[in-house]
Amino acid sequence: GCFECCIKCLGGIPYASLIATILLYAGVALFCGCGHEALSGTVNILQTYFEMTRAAGDVIDVFTMIDIFKYVIYGVAAAFFVYGILLMVEGFFTTGAIKDLYGDFKITTCGRCVSAWFIMLTYIFMLAWLGVTAFTSLPVYMYFNLWTICRNATIVDGANLCLDLRQYGIVTIGEEKKVCTSSESFIKMCDSNELNMTFHLFIVALAGAGAAVIAMVHYLMVLSANWAYVKDACRMQKYEDIKSKEEQELHDIHSTRSKERLNAYT
């Protein structure tokens, strides 16, 4: 009895949804954790080596935008933690174990609407994560340029290379915030572990966003399969209802005729 119960429980686990949920949690965790730390490292680099300060008042500067991105990361982490749980619950409600407990009718009538709703939401979230992945590639590109300048400065002697933040829209055209290879700040920045760590954190955050996109695609396949399953189950349920109704009508007709023959014979 215990062995059969364990087999039944293992058979009711939606393994496809479980794999997609693990991939989603891993991707979101990498994106949110590494992205948050990379943004904090960016603030330290801008303040230490580019000598930038926060603007007074309600002016929206690069530091304010970084703070907004951090709050967005908090919201993304909480929202997709809940969404992963909801998708796992939806997966459980379309497995054979739940079907045996609650019957065909409840699963097919409610499950098809729930699956269709989650398909639409997951498709929207997949497009959103594609945008997040593209946006995360921008700081990776910027730090790659900075890392390349540091590397070229050590290889080529006497090279005067500069990095101007106005090229990336971080500061306005009127402000001149740049560092060159001949300055002491640039040498300290290239020699520090902070630049290398921030660069790799953004790379890992980009990989996490890509993993979240793959998880969304996986969820779309799982939800589409579940929707097709409950749709076929609904059709089968209707067929069984019509069949049982016809059989009941034939049985009633046969019983009526038997009674009429018995009465005529009597």
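The model is predicted, so local features need pLDDT of at least 70 and side-chain atom pairs count only at pLDDT 80 or more, while totals for chains, interfaces and linings use all residues. Residues are numbered from 1 along each chain as its sequence is written, and side-chain values use heavy atoms, leaving out hydrogens and water.

Let's start with Thr 42, which sits in helix H2 (residues 15-48); helices are DSSP runs (H or I, at least four residues) numbered from the N terminus. Thr 42 is buried, at 13% relative accessibility. Buried means under 20% relative accessible area, exposed over 50%, and partly exposed in between (1.4 Å probe, protein chains only). Beyond its neighbours within four places in sequence, Thr 42 is in contact with Ile 66, Tyr 143, Thr 198 and Phe 202, where contact means heavy atoms within 4.5 Å.

Now to Phe 93, found in the loop between helix H3 (62-92) and helix H4 (96-102). Phe 93 is partly exposed, with a relative accessible area of 41%. Together with Phe 81, Val 82, Ile 85, Leu 86, Val 89 and Phe 92, Phe 93 makes a nonpolar surface patch of about 590 Å².

UniProt, in an unreviewed entry, places the feature "transmembrane region" at residues 71-93, 114-138 and 201-229; such annotations may be inferred rather than shown by experiment. Here are two of these stretches:

Conventions:
Patch = residues over 30% accessible without salt bridge, like charges linked within 9 Å, V, L, I, M, F, W, Y side chains within 5 Å. Areas by Shrake-Rupley, 256 points an atom, 1.4 Å probe, with all protein chains shown as cover. Salt bridge = Lys/Arg side-chain N within 4 Å of Asp/Glu carboxyl O. Helix = DSSP H or I, 4+ residues; strand = E, 2+ residues; numbered from the N terminus.
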